[in-house]
Each structure stands twice: as structure tokens, then as C-alpha cells.
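Me: I would like to learn how to read a structure like this one, feature by feature. Where do we start?

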Amino acid sequence: MRVSPLDLSETIVAQATPPGRGALSVVRLSGPNAHALVRGAVDRWPSAPRSVTVSHVRDASGVDVDQAVIIRYDAPASFTGEDSVELITHGGLVVATTVVAALIARGARLALPGEFTRRAVLNGKLDILQAEATGDLVNAKSRAAQSVALRQLDGGLSRRILALRDELIGLEALIAYDIDFPEEDDGPIAPARILSAAERIVSALEQLLATSRTGELIREGALVVLAGAPNVGKSSLFNALVGEARAIVTDIPGTTRDAIEAVIDTPTVPLRLVDTAGIRHAVDPVERLGVEMSESYVARAAIVLACGDSDESILRMSDALRGSDVPIIAVRTKSDLAPPTSAQLAADRAALAAGDAIAVSAETGEGLSALLSAISAAVSGQAGVQPVDAPLLTQERHHYAIARALGEVREFRDRWRSRELPAPVAAVHLREAVTTLEDLIGSVDVEDVLDEVFRRFCVGK
Ligand code: GDP
């Protein structure tokens, strides 16, 4: 029998925690029979919604399978908006599975992936952006991803998009007046007012679209490439930085395998640190006399750490970087051996066209945390990188929708300015933009739009 995630008459059950050794597990049920099904399997039932009871849980033949904490939620005050129950069972491989089996035997169906959240959307408890954020939060691999997802779950991005949609609807209402009074030379709404409202929305959409770059950096990490002559201490520095940062993230999508790399978590954007010396064995020994640096990495780098342990190696590094406009941090390595003078650091900075040169020692740890802070600050300060507490576009779907809405509003603005199309035709672009934003959020129904539109009309119209 095929199960449909759209059939809300079924009561679904699933283990919400991963199976394995642990103190506790959570089993969750939602649907019209959730209460009745659990009541049939327990000897004590919470007397009120959102209250808690400890009870034995029995399987279909009456055998005890656990002693669990039962939490009752009454519709619509639950995550899904339906009658729901959470059972906090003992952990491990057996208990939660047998509790789920007992509830299936009583008539529940095993939930499909994401089905609880889908029901929350269908019942109007979450919009689609918030549902996506729930998934992003569970899958977060860095503190930045966690913080962005949490804000999106709180509705930050949804509110921003709803505000833009409201402005578009306001603009549609202004045009409605214009359409009604076309013959009046001096109609109730000055065309310039409509134009400036359209300009405002265009620039707000442009700003929102520009946040995709930060969303991508948070998803994939900012690429930080270590480059320098052989033996200046790049691999040692790589290991020391990774050790210093301690918070390592692996498994970020898009991570390549052809060089040694590690993703370092920071409170802002995660850093994808790459030691291109990891590919040195594939490189011609003659080329190794120069600077170890993979051009493909450098071209994509957010920051290049230009490393040298002497005046000569810094000079070689600056030759190699000549003509490249990638942002650079100058790094003087092995500072424990021969601490560089401030004149040398100033010369490094000048030779490499970089900011303050930083002296580091992989041996003693000197300068490592200053270097990490400098990298984070340089990445966060780059053009187009937004603070992670602003609403950001994190998915291709968001980028596509905002780009599309922006295109439509620009079309409208251009047509309106040139007056080459009648107002009702130009306004079609606004409607497209509104629909695109609503599809992006996914929780706005037609009634809602109509309410908005008519709220803005004056009495008697
Ligand atoms: P790479 O070829 O640039 O990756 O350089 P390595 O990291 O392999 O280091 C080259 C040599 O320099 C090794 O013998 C390291 O032990 C030594 N080295 C690297 N960093 C330091 C440092 O900070 N202090 C000292 N004293 N030696 C270092």
C-alpha cells in the first residue's frame, strides 16, 4: 500500500532520535488517533495537555516494553498542529524500536522522512522557509550555519520577504488608483511616487540577493589557501592552526580531496584551510623550486596566506603573486628561530601588497590566534559578506526566487518609467513578483493577499 504524506487522517509515529546506545530516546506520534493509540498502550495518561506522566508502555499482547515519560499535546497547540504525543523512552537499540512497533500494531503508521515538519507546514504552524530551517539546523556543521538556521526558524527571513511582498502589494494598490483615473492629468497618485516606490523595492531585493554570497560561504566555508616556497613551514603551520582552532568541522559539502584541507569553525564564517603542499607529489620537482601554490585554489580563495621564513622566500612569494588581485595576509613563519624585526614585517607587508604581516611559530604557537583572528576579520570584512545574524539566502531555491522577483520589479520599473505599456499591463510584472515571493515562503493563501489589498483601499472605493 502506498502511503501519502498528504493524508492527514492517518496517525504517524517515528523514533525522533537516532538508534544506538544512549540514556534516552524520543518516540513521537501525531494525528487524529495519537491520544487514543497511546492511551491503549499505557497505564497512566497525562491528565492535561503539555503535562507529563511516567507510565509503563505495553505492546499489543500486553507485555511491558518500557517505562517512559509521556507528554501530551492537544491540537492545535503542538509542533504539527495536530493531537500529538512524545514518549521519552529508555535508549539503546531495542526499547524505542519495540515502543514504535507496539504503536504501529495499534494502528499508527511509520512516518515518512520529514513528515512531522510537513504536517506542521500543511497545518500552518510553519512556513516553508521555517521548515527548511528546521532541516538546516539539524544538519548544521558549523556555528554560523546553526545561527543562520535558528534565525530563519524564528521567522527572520520570512518576515523580511513578507515585508517586501507587502510593499509590492502597496505599490499595486497605488497603481489601481492610477488605472481608475487615467484621464486625469493630475491623478491622485503622482507617477514619480510610484517610480520611487519601485526603485526602493528594487534596491531592497538587490540587497537581499547579495546575501546569497554569505549564505554560500557559510555552507561551504571561506577558502583560505596556504602558499609559499617549499620548506617555509606551510604544513607545520596548517597543523598548528588546526590544533589551535580545536573546533574542526569535516564533511562540508563541496570539500575537495586533492589537497590537504580542514574546515575550522569560527563564530562567523567557517574557514576551509587548504595546504596546497598536499598536492606537491604530483608536481614536477623543478616547479617545486618555485612557490607551492595551486592556481585553481588561489583563483577561488577568499584569502591567501602568503608564507615565507626569510626575506628571500617572501620575495619569491611576491613574484609568484604578482598580478593576482586575491586578498593576501603576509605570514612570517618560524618566528622562534629568527624573530623578524618590525622593519622586516613592514617590508613583507609592502612586498606582498598585504595588510599587517603576522609573525608565527608552529613550534611555540606564537601568533597563531592573532593569525586566525586576522583571517576571520578579513573574510567578514570582504565586500558583500554580511553578518551572520542578518537574514540570509542560504539555498539555491531562495536565490532563484529573489532573482526572479527582482527581474520582474525591474521590468515594471522600466516600463513604468518609459510609459511604453499601459499601467495594467506593466502591473502584471508586480503580480508575478508577489507570487514568486509567496511561493518562496509557501504559507500565504489568497484570502491573505486579498485582505492585504483591500485593507489599503480607502473606504467607499
Ligand atoms: P612546507 O614545505 O612549507 O610545508 O614546510 P614544512 O611544514 O614541511 O616545514 C619545513 C621544515 O621547517 C620542517 O623541518 C619543520 O620542522 C620546520 N618548521 C616548520 N615550522 C617551524 C617553526 O615554526 N619553527 C621551527 N623551528 N621549525 C619549523
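**A buried serine**

Reply: Start with Ser313, which is buried, with a relative accessible area of 3%. This is a predicted model, so every value here is computed from predicted coordinates.

Me: In which element does Ser313 lie, and which residues does Ser313 touch beyond four places away in sequence?

Reply: Ser313 sits in helix 11, residues 311–321. Leaving out residues up to four places away in sequence, Ser313 touches Ala229, Val232 and Gly308.

Me: Which backbone nitrogens lie by a polar atom of the Ser313 side chain?

Reply: Look for N or O pairs within 3.5 Å. The backbone nitrogen of Asp309 lies 2.9 Å from a polar atom of the Ser313 side chain, and the backbone nitrogen of Ser310 lies 3.0 Å from one.

Me: How do I read a helix in terms of burial?

Reply: An α-helix has 3.6 residues a turn, so residues three or four places apart point the same way. Take helix 8, residues 212–220, where Ser212, Thr214, Gly215, Leu217 and Ile218 are buried.

Me: What covers the buried residues of helix 8?

Reply: The cover includes helix 5 (143–153), helix 7 (191–210), strand 7 (222–228), helix 13 (368–380) and helix 14 (396–418). Just after helix 8 comes Gly221, with a positive phi of about 85 degrees.

Me: Which residues other than glycine have a positive phi?

Reply: Asn231 is one of them, with phi near 70 degrees. Asn231 lies in the loop between strand 7 and helix 9 (234–245). Ala353 also has a positive phi, of about 50 degrees, and lies in the loop between helix 12 (342–351) and strand 13 (358–359).

Me: Is Asn231 buried or exposed?

Reply: The cut-off for exposed is over 50% relative accessible area. Asn231 counts as exposed because its relative accessibility is 64%. Ala353, at 68%, counts as exposed too.

Me: Which residues come nearest to the ligand?

Reply: Of the 15 residues around the ligand, Asn231, Lys234, Ser236, Asp336 and Ala362 come nearest. By class, the shell has 5 nonpolar, 5 polar and 5 charged residues.

Me: How do I read a sheet?

Reply: An open sheet of 6 strands runs in the order 3-4-5-2-1-6, with mixed pairing. Its edge strands are strand 3 (52–58) and strand 6 (109–110), each pairing on one side only. Within this sheet, strand 4 (64–73) and strand 5 (84–92) run antiparallel and are joined by 5 bridges. Ile70 has Leu87 of strand 5 as its bridge partner.

Me: What is the peptide bond from Ala75 to Pro76?

Reply: It is cis, with omega near 0 degrees. Pro76 lies in the loop between strand 4 and strand 5.

Me: And the chain as a whole?

Reply: The protein chain has 16 helices and 13 strands. Of its 461 residues, 46% count as buried.

Key
Residues numbered from 1 in each chain as written. Predicted model: local features only at pLDDT ≥ 70, side-chain atom pairs only at ≥ 80, totals over all residues. Heavy atoms only, no water. Buried < 20%, exposed > 50% of the residue type's maximum accessible area, 1.4 Å probe, protein only. Helix = DSSP H or I, 4+ residues; strand = E, 2+ residues; numbered from the N terminus. Contact = heavy atoms within 4.5 Å. Near = heavy atom within 4 Å. Nonpolar A, V, L, I, M, F, W, Y, C, P; charged D, E, K, R; others polar. Polar contact = N/O pair within 3.5 Å; in protein donor to acceptor, adjacent residues only side chain to side chain. Pairing = 2+ DSSP bridges.
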